[in-house]
Number of protein chains: 2
Amino acid sequence: MERYAELRDYLAEVWDLVKVGGLASWDQQTMMPPAGAAVRARQLATISKLVHERVVSDRLGELLEELRPFEESLEYESDEASLIRVTRRDRDKELRVPAELREQQARAGAEAFPVWVEARRTNDFQLFRPYLERNVSLRREYAACFEVDEPYDALLDDFEQGMKTAEVREVFARVREGLVPLVEEASAQEIDDSCLSGHFPVERQREMQQLLLSRYGFGEGTWRLDPVEHPFASSFGTTDIRMTTYYPEHEMRGVFAAMHEGGHAIYERNVDPALERTPLCRGTSLALHESQSRMFENLVGRSIQWWRWAYPELQRLFPDQYEGVELETFHRAINKVQPSLIRIEADEATYSLHIILRFELEQELVAGSVEPADLPAVWNERMKEYLGVDVPDDSQGVLQDVHWSRGTIGYFPTYALGNVISVQIWDKILDDIPDLYEHIERGDLDPLTAWLREKLWRHGRKFTPQETLERVVGGGLDPEPYLRYLNDKLGVLAS
Amino acid sequence: MERYAELRDYLAEVWDLVKVGGLASWDQQTMMPPAGAAVRARQLATISKLVHERVVSDRLGELLEELRPFEESLEYESDEASLIRVTRRDRDKELRVPAELREQQARAGAEAFPVWVEARRTNDFQLFRPYLERNVSLRREYAACFEVDEPYDALLDDFEQGMKTAEVREVFARVREGLVPLVEEASAQEIDDSCLSGHFPVERQREMQQLLLSRYGFGEGTWRLDPVEHPFASSFGTTDIRMTTYYPEHEMRGVFAAMHEGGHAIYERNVDPALERTPLCRGTSLALHESQSRMFENLVGRSIQWWRWAYPELQRLFPDQYEGVELETFHRAINKVQPSLIRIEADEATYSLHIILRFELEQELVAGSVEPADLPAVWNERMKEYLGVDVPDDSQGVLQDVHWSRGTIGYFPTYALGNVISVQIWDKILDDIPDLYEHIERGDLDPLTAWLREKLWRHGRKFTPQETLERVVGGGLDPEPYLRYLNDKLGVLAS
């Protein structure tokens, strides 16, 4: 028990560093004067280095060894056994990668990023190509540090611990098969979405977003919401939650960004306070996290029931925009399916196709069957095949996303897995709370959040994504609920 | 040279931690949701602990030993010799205090603070007394860790390295002697300052403060200004400057808070970038820092010349307030001398008397000639003697300041030393730039800031306060310029 207390203290310090680093990164994107960037990058690198040193330290290794008998005497589900187990896994993984390779990757990413910004701006893929080549080659080296069935497994594991590429491939094949005809059919419908553009005063948008988020039940004085270019959510403690959003003046899509980030944020907010200041104090994986953001953005946030409550508020705040617009017209508009070029602007149905394309290309890049030089051509070809659109230039094609410039490969699939999982969980909730939609119609999310808190959120990172899914929905990944949901919804909209 | 590079890297990491801790502290006061306080306190404690461990480490001790010959081969003024010298001094000081005592002090301060808040609110000194007793006793223990002429020297040294209590006592005796009759005379004058109260819309105040600070020459994208309850300035790099201020709706004093914090901030902004990420990258001491904030707040900010430029802007932004008010009336109002109870609301002349009283009481507390239980009576008696005011209750008396609740003793004198030094430097500037006021009249601070950058700011913490003063004004502390300045100014206002 004394050894365990020592482990707890040791990890609390590490986690304090991680969270203070998170704050430095949040500040960088929300508050920092632009000229602070160079010094901030050094500060962030120092924090990462100190965290790494502590995770791989011999002291931690010894502690974990000494705690083996204690761990084995405990229930698998206990906080104590979970902390020891997860820490050991994190440490083993961290130890496999030479510090030098980690540094090379960080440096390569830092150098590639501004070149990507410039390449995207000037639509010049060739400028970016050598940097992408270096990033890909370093990721291949990284994957080679692990014993895996295929190299992509090692990369995916960073974001979705224990998930196998083969499993994702199978799920995505089914998703693609279901989505391509669905999207084709849905996008043939004539839906008027002109009510989503116009003039939306920033102050009113802020009020609307605060109002929507107030229904999540964060509790007073535990969160804030700030505008940024690319919204995200983070937390520096379960009672210090930072959401970010945007307020585009000519569109109303800011509310969906807020509801999306709210889903991430409320997960972090509800991790059991007993796990505070430990590496278990966060959502278990990116896909599970994304399942929550997508649930609040789409399953709640694009449902007719939610807007029965929220639409009058929207009309009150934007009377010029919505006074004469029927709820049904609005609801149809926010669910319109339309294949487009840009992932982050995609609708609920086409979004996963953007992801599947990236997932395939990433595997091919890592395996070497596609080289960076060939990427633009392959990209454009597949956009045509999956979404039926012609890519006019690389800025709106292969250069659109930041991820590869940072060397991040293996992250993309988690977005679409989040979509799949969100509906698996949703179906389970509807089984348990048959009158869920009646609550949602009154703007009451309490039964929903109580369910999620009990089944998912409070456990933080105690269980792997697979274990978590098994506990929450009683099975593994299953794309059918997601496809059924989209079919039903788009069918209703069409009728 | 290799060893020196090692030292540089080592200290860069320490300084990154210090600055990230500074950011966590800034965020705590400006942005953090209130419920984040408990976890934030732990994070700050972890950062402090990691910094302490690094400063006292054997590794650093060895490096400094190995670098002795290198240091001796260099010019005293060089960046390299200064970094080695100052680091050695910091480390020696840090080593003298047992880690346990540091922890006790931190804990005692953290526990006393909320009690002080409550005691001040309910005007109950007895509630606070035991906590104050503990803080004082721990500070006595702290002082005993050092070999000093008198215990207060050890405390003063934390803020004003190398300064002796005896010297400050002598300077303050002269200041008090000069100020008491001056204040008595000046406060007999009838000055109408009603134009300083009224209605000042927050947005307009923000605009006015930004406008004033824009004359300091920070450079675009290097700073920000945020509202807080108690304004302060900090920096997380020479190009990442954070000022804070307030916008009280019924008074115009916010501009002076902004100009004051601007003085601190512009000092940090102009430290030589070659010192970035080292412990030399900040102002050399609190008194020197305060000399800059006071200079910009008072010598610039309450001069008639500055307002010849700024007053029309003030009139434009607050027409209801200032349309019919003459510049001279306004200038007289912002310089009105009036003894009062609260230090932070005091005018330029009485302010130092508030400080001298605290300086005396602190020495007596540490020496044991006054016990915490006797403080209220002694406080009230001396307020009558120095400022001629009757203290109606302890909330407006001995309980008004936060410092002692945090265990901070030895800090107060630096405020009045700042006043003294600010005029010593100002006189020197006027010698070198005879037409300084003509520039100020045009809102042009460039000659002033260029002088200060060259003579003071760029050196950061390379030199001790005494060395710095010697370099800038060619001598030691001298209260005469300050007294002369106040005499002249108040004389002119009376005529």
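## Helix packing and the A–B interface

In this predicted model, helix α9 (residues 165-186) of chain B packs against helix α16 (residues 351-367) of chain B at an angle of about 140 degrees, with their axes 10 Å apart. Helices here are DSSP runs (H or I, at least four residues), numbered from the N terminus. Axes are lines fitted to C-alpha atoms over the stretch in contact, and angles run from 0 to 180 degrees between N-to-C directions. α9(B) and α16(B) are therefore oblique to each other. Oblique covers what is left after under 35 degrees (roughly parallel), over 145 (roughly antiparallel) and 65 to 115 (roughly perpendicular). α9(B) passes α16(B) in a left-handed crossing; that is, the near helix is turned anticlockwise from the far one by less than a right angle.

Which residues of α9(B) meet α16(B)? They are T165(B), V168(B), R169(B), F172(B), V175(B), R176(B), L179(B), V180(B) and V183(B). Their partners in α16(B) include L353(B), I356(B), F359(B) and E360(B). Contact means heavy atoms within 4.5 Å.

A second pair lies in chain A. Helix α3 (residues 58-66) of chain A and helix α5 (residues 79-96) of chain A have axes that come within 11 Å and cross at roughly 140 degrees. α3(A) also passes α5(A) in a left-handed crossing. From α3(A), D58(A), L60(A), G61(A) and L64(A) meet I84(A), T87(A), R88(A) and R91(A) of α5(A).

The table sorts each contact by class.

Now the two chains. A rotation of 180 degrees with 0.1 Å of shift along its axis superposes chain A on chain B, with an RMSD of 0.1 Å. That is the relation of a two-fold axis. In chain A, the C-alpha of V20(A) is nearest the axis, 3.6 Å from it.

The contact takes 37 residues from chain A and 37 residues from chain B. About 3,100 Å² is buried between the chains, 59% of it on carbon and sulfur atoms. Buried area is the accessible area (1.4 Å probe) lost on putting two parts together, summed over both. V20(A), P33(A) and Q43(A) supply 16% of the area that chain A buries against chain B, more than any other three residues. 100% of the interface residues of chain A are also interface residues in chain B, so the copies meet through the same surface.

Residues are numbered from 1 along each chain as its sequence is written, and chains are lettered from A in the order written. Local features need pLDDT of at least 70, side-chain atom pairs count only at pLDDT 80 or more, totals for chains, interfaces and linings use all residues, and side-chain values use heavy atoms, without hydrogens and water.

How values were computed. Helix = DSSP H or I, 4+ residues; strand = E, 2+ residues; numbered from the N terminus. Least-squares fit on C-alpha atoms with pLDDT ≥ 70 in both.
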